[in-house]
Amino acid sequence: MNDLQPLIHALAERLPALASDGETLFAYVYGEQTDFARLSRSRINQLGHIHQRRLTLTLSDGRAAVKDTWDIDAGALDTLAPRIERLRGDLAATPDDPYLSLDASPRTAHSGQLSAARDLEPWLEALLANAADDDLVGIALSGPQGFGLASSLGHALSHRSGGLSLDASLFTPTHQAVKIEWSAPADGPADPAAALAQARERLALLGGEPYAPAPGRYRAYLAPEALTELLGVTVWQGFSRQAVESGNSPLDRLFRGTAGFAPNVRLRELREDSNAPPFGAAGHALPGAVDLVIDGRAGDTLVSPRAALEYGGTINSDSGMPIALTLDGGDLAEADALAALGTGLYLGRLWYANLSDPTHCRVTAMTRYDCFWVEDGRIRAPLAPMRIDASLYSLLGPDLIALSRERHRLEDTSSYERRASGHQLLPGALCAALPVTL
Amino acid sequence: MNTPQTRYGNDLEAIARRARDLLAGTARWRILVEQTDTLGCLVRRGVLQPPERSARRAVLITVEEQGALGYGATTDLSADGLAQAVERARRMAAVLPARRLGAGLPADATDPVPAFVEPWADHVDMTLAERIEWLHDLEIAMAIDDRIHSRIALLETTRRERVLLDQSGREQRQIWRLCQAGLRAVAVGADGSQWRSHEHSFQGPATPEQLAALDFTRERAAALSRDALALLDAPECPTGTRDLILLPEQMTLQIHESIGHPLELDRILGDERNYAGWSFVRPEDFGTLQYGSPQLNVLFAPDEQGEFASYACDDEGLPARRTHLIRGGLLERPLGGARSAARAGLEPVACTRATSALRPPIDRMANLNIAPGEQSLGELIGGVEHGVLLGQNRSWSIDQRREKFQFGCEWGRLIEDGELQGLVRNPNYRGRTLPFWHSLDGVGSADTFQVLGLGNCGKGEPNQSIGVGHASPACRFRGIEVFGGAA
């Protein structure tokens, strides 16, 4: 399972014979074997194993394409012919597609790595033994992931990733919490005791009566983990060429040139640093780096294969959404963040961000985890849950005082349908005025 | 030649029986086998994207050993694959039994086990060719002006079958026909863009007649574009405290976020605190907390035919029954399945569901409906001096304990002195859950009632996205904070 290479090579051998004259076949395969431990109140709530292997077959006759995705097992090659036959029927009913784009540069490559094998069970035992007196809740995942692509043209690409990760929270009895995120191989050897000890130190800061500032505008420091929540909802469609051209991008004004960020804002998509495969679902090679915002002004958009044909440009993305967004750091040492903040809000993490005014890239979100009221550079009280509602053009524009020198790598820990790939690499941001609304 | 068509019925039951045989010697177990077949089509700016079929075929084995549960999920349904899934479930059940949260599999079934066999078995969905023609027809109807930069028409149908077996001899088979359809027109002007959309998630056949009855018509498609263009020139929604009338298309979101999620018992117990969040509701609030005004009546209604999350039994085999969660504004019961309810010492409802056989079931809200009242829409509007009428959700955000929310809509219309006035753009409103529901003072009559749904409610770790149904009349709320756009 952790190596799809044999299957990919078998598919690459089989597909040419299954394609009729003028037809092209692409097969994209995803597989994972995942042990999961769902924790609640420092106990195991749900514990299990997921094995899945899934194949997406694309059939094209050069003028249009149709797709079929299904779960496969060891007999996968035997399921191809009847699926292709049904797809031929679908293709006959499908009109010409002027934006059809399948890569025509066959190649063979293998990439990625799996972290050193780790067994979830002993690690989990150590974690729970150390957390017996804590209120720990969250999810631990462990296991390999594989991606692969083969085509009747000769593509044979495979990529491995996966490892052990923990995404958990430690709570106080008064609903305050700190987050523990740990991912191998990015963060090195796992030490549950050390991770918990560090979290308890942070949790101790959250004792005491929460402070609820009145609605208004406050000086604020947004940790990288808070900034990622605001950027995440913005970049989902923000840099997509298709979204920009069709009025669906909240960064419309950036690309029109009527709005921008501060000159020290430089955003890039650095796929080369991610654990995602370097090829798209249609076989295209994807660049390691794309400049999205340079000196606060619009750079490139992210151009999917279809968008390249519809709107022009060079393919540099699979979907138009960044999977390795990187914001350059600044001059502010993290250790000096509280002193530089002075009096205001220290926001460790936000949650449930959504666009409240897409035209002006205005985003609302709630505080969650590690949020404090700070006076004269010292933490005075945890914050009561507060709502913010602010334009990113302001926060990262005229209101941006400084970006932190240190940056945090924030892995995408989501697992809808499959364990996600990708990350963001972000600094913290010190802002002059953050609107608090509720 | 083998056919790719799904072999339904006996095939899934045969897989379940093979898994059952592998579980010989295990005292308590459950098997969930699933086959889901989906066909999705989307037309955008006059071009059909590659049509996509997909099939999920998987099994979830649950084993209980000394009160501890272990799950083994797999897409490998070969003899070896099933054996490995059973072995992994057993191995997981044996891990750290002293560190379990408690509550194993539900008690053995004593009630008769109902079946949920699709009521629409005689209705045939549109063929692929018919879908393409239908989508193009609606999509082109939106092309009324060069400022409409994006036009989308989509249709996705799903046939899902699940078979559930357990050690008590319970054998449950359910079949669903799910349909999701949507239209969206995006207008771009000198000052930005505005969009209007129309969407439905329901159970039933994908036929032109069924969809036309849900207002998927050329006229509605063209009206969406006209409305989006009108929003470009509309004034911003004013800022201030106003009365609010929410149409069912926005009530869906309001119910979902500020009633459904806070009442999920696994949240109340704290299981979702790391991801989807907690709840302000406490176990002792049931039977005592006045959640809203006396006009608020909320029903858990898994039996509402055609609603998106109707079923006969949940994924643990508990028979589904209609029941009040809130009656006359008083909170009566949570959305807690058998396992959560046992932990909390409360009575369960049949709401434990898994998004697929690759995930363990958890508490989900299913169909959650507000009962209609007595007032017509005209009477609701007539009772407002300064207000806003809002439709179709665009933005949603709420804190992790489900108290402080802020929602935005695609469009609004001002109400002055009991009369509807002009369109406003970027309308948003915010408030706190309990005061908001206490401000409910007008519930629309049955002719304002609509059955709607959402296809992508996210929750759980590992993550699970699932469909839910919500039905509601138009509702009026007093003294709500509203505001518009601009930085």
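His51(A) stands opposite Thr74(B), a residue of strand E4 of chain B. The strands involved are E2(A) and E4 (residues 68–74) of chain B, which run parallel and are joined by four bridges; two strands pair if DSSP finds at least two bridges between them. Strands here (E, at least two residues) and helices (H or I, at least four) are DSSP runs numbered from the N terminus. The model is predicted, with local features requiring pLDDT of at least 70 and side-chain atom pairs counted only at pLDDT 80 or more, while totals for chains, interfaces and linings use all residues. Residues are numbered from 1 along each chain as its sequence is written, chains are lettered from A and ligands numbered from 1 in the order in which they are written, and side-chain values use heavy atoms, with hydrogens and water left out.

In contact (heavy atoms within 4.5 Å) are 93 residues of chain A and 99 residues of chain B. The size of an interface is often given as the accessible area lost when the parts come together. Between chain A and chain B the buried area is about 8300 Å², with carbon and sulfur atoms giving 48%; buried area is the accessible area (1.4 Å probe) that two parts lose on being put together, summed over both.

Nine salt bridges cross the interface of chain A and chain B, a salt bridge being a side-chain nitrogen of Lys or Arg within 4 Å of a carboxyl oxygen of Asp or Glu. Asp71(A) and Arg56(B) form a salt bridge, their closest N and O atoms lying 2.6 Å apart. On the side of chain A that touches chain B, strand E2 (residues 43–60) of chain A gives the most, with twelve residues.

Within chain A, the domain assignment, automatic or from a database, gives domain 1 (4–205) and domain 2 (216–436). Their centres, taken over C-alpha atoms, are separated by 25 Å. Contact between them involves 42 residues of domain 1 of chain A and 31 residues of domain 2 of chain A. The two domains bury about 2900 Å² between them, 52% of it on carbon and sulfur atoms. Tyr99(A), Ser101(A) and Leu205(A) supply 19% of the area that domain 1 of chain A buries against domain 2 of chain A, more than any other three residues.

Three salt bridges are counted between domain 1 and domain 2 of chain A. In a salt bridge between Asp370(A) and Arg202(A), the N to O distance is 3.1 Å.
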